[in-house]
Amino acid sequence: MHSKQSFGYAGQMINGPILTVAYSAPPIDRRELLRYMGCRAETEDVSMLIDSVIEEARPILQYRVCYREAALQQNGASLSFCSLSVESRMLAKCLENCTGVILFAATVGLPFDRLLAKYTHTSPSRAVALQALGAERVESLCNAFMKTLQDEYAPKGYALKPRFSPGYGDLSLSFQADLFRVLDCPKRIGVTLCENCLMSPSKSVTAIVGAFHNGVK
């Protein structure tokens, strides 16, 4: 990923532009894939099924992320960043001591949803394996993005908190719409928001990541 962090005077984060990046396929974590499938062990039949769905899905999987950086103002459970305001005690706890945030959305693309729909009614076992693969793929994409951020922020003396997504804890899923507004997800990475605040493609993630200065440069 090639980007330019938005730092102002004395290295403080300021509101930055929306950036978009495409990734190559992250390594597949078969143990996570098995966990998403609900399998305790990788039997020969399960292994063959996993290999088969990976082979079919590989050419159509897309790995795209859009993100932007913003200064953070915090007063108790009240948080403000990038023209957004939200109340969440759990998010505030996660962002404790942070001076900035990175807002991002990630997806593995609509073609994967179409492949999943193809097998939903014709091959339940294959659909289950594909659901698990999609979940593993988007999580691996988010992990790859977080690793890139960590590597790029460290020289500035910043460390990152774990990502926090709408719908977790007391942060309403409806906050998804606010993130979409400031990230321009439909235009940037082709992700749209349904009326129930779920995303299409379904294997997509939005999240907030806190950045704090650890005193190291």
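Modeller: His 213 is found in strand S9. Strands (E, at least two residues) and helices (H or I, at least four) are DSSP runs numbered from the N terminus. This is a predicted model, in which local features need pLDDT of at least 70 and side-chain atom pairs count only at pLDDT 80 or more, while totals for chains, interfaces and linings use all residues. Residues are numbered from 1 along each chain as its sequence is written, and side-chain values use heavy atoms, with hydrogens and water left out.

His 213 counts as partly exposed because its relative accessibility is 33%; the class lies between buried, under 20%, and exposed, over 50% (1.4 Å probe, protein chains only). Its C-alpha atom is separated by 25 Å from that of Leu 141, 72 residues apart along the chain.

The largest pocket has a volume of about 250 Å³. A pocket is an open set of points on a 1 Å grid over the protein atoms alone, with protein on both sides within 12 Å along at least five of seven lines; its volume is the space filled by probe spheres (1.4 Å) set on the points. Lining residues, 15 here, have an atom within 4 Å of a point. Met 199, Ser 202, Lys 203, Ser 204 and Val 205 are the closest to the centre. Helix H5 (124–153) and strand S9 (204–213) each give two or more residues to the lining, and S9 gives the most, with three. By class, the lining has seven nonpolar, five polar and three charged residues; Asp, Glu, Lys and Arg count as charged, Ala, Val, Leu, Ile, Met, Phe, Trp, Tyr, Cys and Pro as nonpolar, and the others as polar.
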